[in-house]
Amino acid sequence: MNYNNEWNELNYKRFYRHKDQYNQKISIMDYVGAENTVYNDDITDGLKEDIRTHLKSFTLEERHKVNFIIQQGLESDPVIINDDWIFAILHKIAEEVDDLTHKQITFETGNWNINKVYNKWLTKNNISEQINVVGAFELIRIYSPKLWDYHNKDGVLVDLDYRTDFTPKIKPYVYTALNRAPHRHRMELFLKLKEFGILGKGMVSFNEVSTDALSRELTQEEINMLPITLDVDLEKSSPFEHIYGETMPQAFSYMEQKEYDTVPNEFLNFFENSYFSVVTETKIGIPSTDDIYCDENNCDGVVWPSEGKFKCIRCETQKQMPEWTEIYDEKFITEKTWRNLLNGHPMVWIGTRHTAKMLQHLGFKTFNSLWDESYDEVRNPLDRFYMATNIINELCQKTDEEWLELQEKALPILKHNQNKMLELEDILRITKEDTLHGEIKWKMS
Amino acid sequence: MEDVLRILITSGTNWKALHEDITRDYKPNIHTKIWLDFSTESWFSIDNQKINETVYEFMHNTIKDTGLDWNLFTFIHGNVYTQYNYSIWREIFNVEEEIKTAYYPLWHKMTAEMHLDFSYQNEKNKNTLRPYMFSCLNGAPRDHRVITEQFMSEHKLKEKSRYTFYWKDETLPFSEHTLNWRKWPKLEEFNKHRAIDSHKIQEPEFYKVFDDTYFDFITETLTTNERFGVELEKYVSNPPTPEYKQFFESFKTIFITEKLWRSIYYKRPFILMGNHRTLEYLKGLGFKTFDCMWNEDYDMIFNPNEREQACLNLLKEVCDKYSIESIHNKVYSEEVQHILEHNYNLFKSLAEDIEVINF
């Protein structure tokens with residue numbers, strides 16, 4: 001029951017607010033700008049004033065019901081302001097605005113392990129009052145038909161096409177690996193697939209190119225092999241316009257330019273013609289900021305916490321890192337995963353640690369009954385990457401018969417996952433109640 | 001509202017038998033809701049009947065004793081912060097059950113519906129200088145009223161006011177006819193302040209107070225504060241458990257009675273010896289207050305004793321600053337008249353917003 005937060009039958013009727021108005025959603029992008037960065041300007045004054053103004057629009061007795069949900073939107077990056085986590089300014093605002101308590105503020109981010117970070121931050125700063133922090137799987141909306149509220153050019157609600165026939169069959173390719181933004185782990189994947197000699201066994205794209213991978217720089221010969229374009233004609237459109245304009249218009253505002261009443265399934269070809277997807281998630285657990293790169297002898301490797309010290313994963317030189325990184329922990333699952341769950345396509349993840357474990361916690365089934373998923377437990381991102389790519393390599397050696405058998409075994413998993421995606425009526429969230437001292441209280445299927 | 005069983009609770013209710021009243025009157029085939037209506041007051045606890053429980057605790061225990069479904073019940077209180085206090089109480093005492101709670105602005109509705117509209121006095125007397133500066137009407141001898149009487153005596157402010165302090169036999173100069181009226185029902189020493197019945201039109205002499213003065217010094221009903229001594233001992237100095245102390249210190253009160261609404265209805269400026277932030281609350285409802293006449297910072301003073309003293313100091317300042325002529329001119333300035341008119345209109349229109357529940 002939560003009667004009293006939205007009920008005021010006997011008071012002055014003109015001051016009655018709809019229950020939604022008690023939950024004020026604030027996009028942090030409106031304060032820090034649309035460009036996603038870790039370091040941000042101090043937004044305390046502007047944010048505090050807007051919170052105060054909204055709160056004061058309620059009469060005194062209603063103010064305790066008002067909640068402010070500060071949303072990081074679709075990202076999982078740390079929000080660092082004045083060299084500290086955003087929690088510091090949210091606490092400051094809770095303390096300085098009259099009639100506002102800590103529990104009325106919620107920070108919602110795509111990082112599903114944010115409660116762990118927050119718990120450490122509280123401990124480190126010896127703070128007992130708590131705001132709410134939530135890891136929100138906001139991007140699941142893009143592939144959850146019941147959560148859709150996308151309209152086309154004519155204002156008509158648009159449907160989503162997805163794959164329903166999972167009948168086992170022999171397929172021309174083993175895997176699909178689609179890559180746009182040239183993050184280092186994606187360039188590392190290119191190197192690894194090339195090293196294993198399995199580039200030709202997959203439906204593979206690397207639409208944009210960077211010269212740096214995780215373990216080393218690409219050679220000129222390797223750079224010359226790129227880009228590999230499979231799903232996009234670079235002469236007609238940029239990779240960005242292709243992915244967000246054509247294949248996934250629901251992700252941004254492109255839908256309002258479309259005339260169709262059902263978003264066609266541009267990925268069907270890949271699902272039908274390969275056995276599984278290598279999902280190169282947006283993040284692998286390394287912060288997207290320049291000061292994580294090693295500057296020892298032009299090394300430029302990524303510095304990673306190891307045994308309480310920060311060491312370059314290329315040259316192993318120790319580096320002094322900003323204080324906020326001591327409690328950094330970023331876990332992110334994006335539409336790249338949700339798309340496959342809706343369309344019934346098995347996955348190996350190049351992503352953040354415990355992606356498979358979290359999906360199981362959320363009620364999905366993963367693929368540990370089909371192949372080894374222990375890579376999901378490995379803490380070091382490069383080691384985890386190597387284990388995952390070894391699995392990909394092993395899977396590429398399987399025969400057609402073995403794949404028919406694996407597909408048969410995968411069927412109940414795929415159907416379960418698809419059903420769950422079809423039935424979702426709200427986005428999934430990880431709140432404090434899912435954690436104990438910041439650690440997830442894992443529920444395993 | 002035929003489906004509502006309204007159990008009216010007042011300070012005189014036999015609280016210990018409340019659950020029996022409910023079960024006796026509740027008809028399951030008729031009633032879908034039970035309102036426990038204590039909107040006449042804003043108490044923190046019930047100590048006048050030696051019940052050692054906070055008001056919410058008592059309500060929950062009463063509901064438990066009825067054995068009826070929790071979903072039927074709504075507890076209605078006269079404290080603006082009713083829902084806030086209830087949420088804090090449930091949180092502090094880790095209470096799982098939840099009923100609906102509501103603040104009902106009973107005294108606003110009551111004043112609008114049952115009191116004489118004396119606002120015409122403002123226009124009627126605009127060309128007449130009045131003999132006194134302010135009114136100060138006091139019935140029951142609560143702490144803040146006692147110190148008001150002492151302060152007014154000490155600073156000779158009674159000379160500048162129409163006032164009553166019933167416990168000191170300082171009443172209005174009643175006529176013989178009205179005096180008889182006041183003697184019914186029989187008034188004794190212990191209950192003579194009850195001669196003031198706020199629920200109905202007052203006797204004619206009462207209105208003379210407003211004819212003779214320019215503004216009201218209101219000693220509002222300070223439920224939690226005036227019982228502060230008792231409750232401080234019971235819930236802060238020697239709390240049954242630490243949670244009681246925590247709840248007492250978290251409890252908020254704004255209680256507005258006919259004393260304040262009457263000033264607004266009658267188009268009168270006022271200084272309010274009331275709860276913390278009452279003026280701010282009024283402004284939130286859209287009313288204007290009188291910072292164009294005097295400093296209203298007292299409203300933001302958290303400590304009740306300091307706030308009361310600030311009100312009294314302000315009263316003296318105002319009486320020192322203004323002469324009868326200058327306060328007359330100020331009250332009839334365009335600025336103040338605009339406020340009085342605005343407040344009067346808002347008072348009436350807001351009263352129409354309030355659902356009628358049988359008084």
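This is a predicted model: local features need pLDDT of at least 70, side-chain atom pairs count only at pLDDT 80 or more; totals for chains, interfaces and linings use all residues.
The contact, defined by heavy atoms within 4.5 Å, takes 23 residues from chain A and 35 residues from chain B. Residues are numbered from 1 along each chain as its sequence is written, with chains lettered from A and ligands numbered from 1 in the order in which they are written. Local features need pLDDT of at least 70 and side-chain atom pairs count only at pLDDT 80 or more, whereas totals for chains, interfaces and linings use all residues; side-chain values use heavy atoms, with hydrogens and water left out.

Between chain A and chain B, 5 salt bridges are counted, each being a side-chain nitrogen of Lys or Arg within 4 Å of a carboxyl oxygen of Asp or Glu. E91(B) forms a salt bridge with K103(A), for which the closest N and O atoms are 2.2 Å apart. On the side of chain A that touches chain B, the residues divide into 7 nonpolar, 6 polar and 10 charged, with Ala, Val, Leu, Ile, Met, Phe, Trp, Tyr, Cys and Pro taken as nonpolar, Asp, Glu, Lys and Arg as charged, and the others, Gly among them, as polar.

Over all chains the structure holds 0 disulfides, a disulfide being a pair of cysteine sulfur atoms within 2.5 Å. C294(A) is in no disulfide, and the nearest cysteine sulfur, that of C315(A), lies 3.7 Å away; C299(A) is likewise in no disulfide, the nearest cysteine sulfur being that of C312(A), at 3.5 Å. C294(A) is buried, with a relative accessible area of 6%, and C299(A) is also buried, at 14%, where buried means under 20% relative accessible area, exposed over 50%, and partly exposed in between (1.4 Å probe, protein chains only).

I391(A) is placed in helix α11 (residues 381–396) of chain A, helices (H or I, at least four residues) and strands (E, at least two) being DSSP runs numbered from the N terminus. At 7% relative accessibility, I391(A) counts as buried, and I391(A) touches V348(A), W371(A), D372(A) and Y375(A), not counting residues up to four places away in sequence.

Chain B comprises 16 helices and 8 strands, and 58% of its 359 residues count as buried.
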